[in-house]
Amino acid sequence: MSKIAIMGAMPEEIAPLLEKVEDIKKVDYAKNSYYEATYKGKELVIAYSKIGKVFSSLTASTLIEKFGCQKLLFSGVAGAINPNLKIGDLIIADRLCQHDLDISIFGHDFGYVPEGAKFVESDEKLRAIAKEVASKNSLSVIEGTIATGDQFVASTERKEFISKNFQADALEMEGASVAVVCDALDVPFFILRAISDTANDDAGVDFDEFMVSSAKISANFILDMVESI
Ligand code: 4EH
């Protein structure tokens with residue numbers, strides 16, 4: 001049977017998952033903890049990576065190469081760029097990019113390096129399952145571009161830069177790195193985020209207020225999806 005990885009970046013992003021899954025077995029590896037578990041007869045491996053592109057790449061690689069996961073789902077929170085996205089709303093990434101990757105001095109686009117790609121696309125079948133789950137539960141989800149970078153964005157100026165150069169709908173700090181790993185290893189992946197803030201001057205305060213509730217919204221949706229995979 002296929003093993004499904006579910007990862008977040010922060011403990012709060014996987015806590016609601018660990019509350020609902022069964023037969024949990026903790027395995028420590030590479031300075032992190034991985035939780036083997038089952039849910040509705042499906043085999044899962046759950047972990048939070050710690051924040052940022054480097055730690056999330058390590059965790060995604062480990063889930064695939066050491067634990068043998070054949071699909072990877074990411075659950076977490078994000079800052080909104082698209083004004084239609086309000087706190088608590090869900091966004092499915094159809095493509096992801098690295099907004100802080102910059103060798104533009106050599107004439108390249110922001111987010112592009114030779115032999116890489118400015119955007120990495122997520123798995124269409126997993127997105128289709130997500131849209132079925134959304135309509136079944138009469139939840140509205142937006143599908144769009146997620147921009148990732150190693151910075152907590154709390155500035156309208158930086159938001160505008162990311163919007164202009166990547167047409168991004170939301171931003172966070174792990175999605176694109178996970179996407180690069182999964183794409184390279186040919187593992188279908190899905191990135192879901194619930195909005196915790198709007199990445200403006202109030203982002204720090206909003207994040208502290210809404211991250212736990214938004215993380216739950218995302219986690220519950222991911223578990224609904226697991227049933228259909
Ligand atoms: O994993 C990081 C968390 C913030 S840093 C990225 N996550 C949350 C998504 C996110 C985000 N990323 C960039 C939500 N809003 C964002 C934003 N910019 N505005 C963190 C948070 N709390 C304690 C320590 N670090």
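Student: Which residues line the largest cavity?

Tutor: In this predicted model, local features need pLDDT of at least 70 and side-chain atom pairs pLDDT 80 or more, whereas totals for chains, interfaces and linings use all residues. Residues are numbered from 1 along each chain as its sequence is written, and side-chain values use heavy atoms, without hydrogens and water. A cavity is a set of points on a 1 Å grid over the protein atoms alone where a 1.4 Å probe fits but cannot get out, and lining residues have an atom within 4 Å of a point. The residues lining the largest cavity are Leu-96, Cys-97, Gln-98, Leu-101, Gly-111, Ala-117, Lys-118, Phe-119, Val-120, Ala-176 and Val-180.

Student: How many residues of strand 3 are buried?

Tutor: Strand 3 covers residues 32-39 and is mostly covered, with buried meaning under 20% relative accessible area (1.4 Å probe, protein chains only). Of its 8 residues, the number buried is 6.

Student: Opposite which residue of strand 4 does Ala-37 stand?

Tutor: Strands pair if DSSP finds at least two bridges between them, and 5 bridges join strand 3 to strand 4 (residues 42-48) in an antiparallel arrangement. In strand 4, the residue opposite Ala-37 is Leu-44.

Technical notes: On a 1 Å grid over the protein atoms alone, a cavity is a set of points where a 1.4 Å probe fits but cannot get out, and a pocket is an open set with protein on both sides within 12 Å along at least five of seven lines; lining residues have an atom within 4 Å of a point. Buried means under 20% relative accessible area, exposed over 50%, partly exposed in between (1.4 Å probe, protein chains only). Helices (H or I, at least four residues) and strands (E, at least two) are DSSP runs, numbered from the N terminus.
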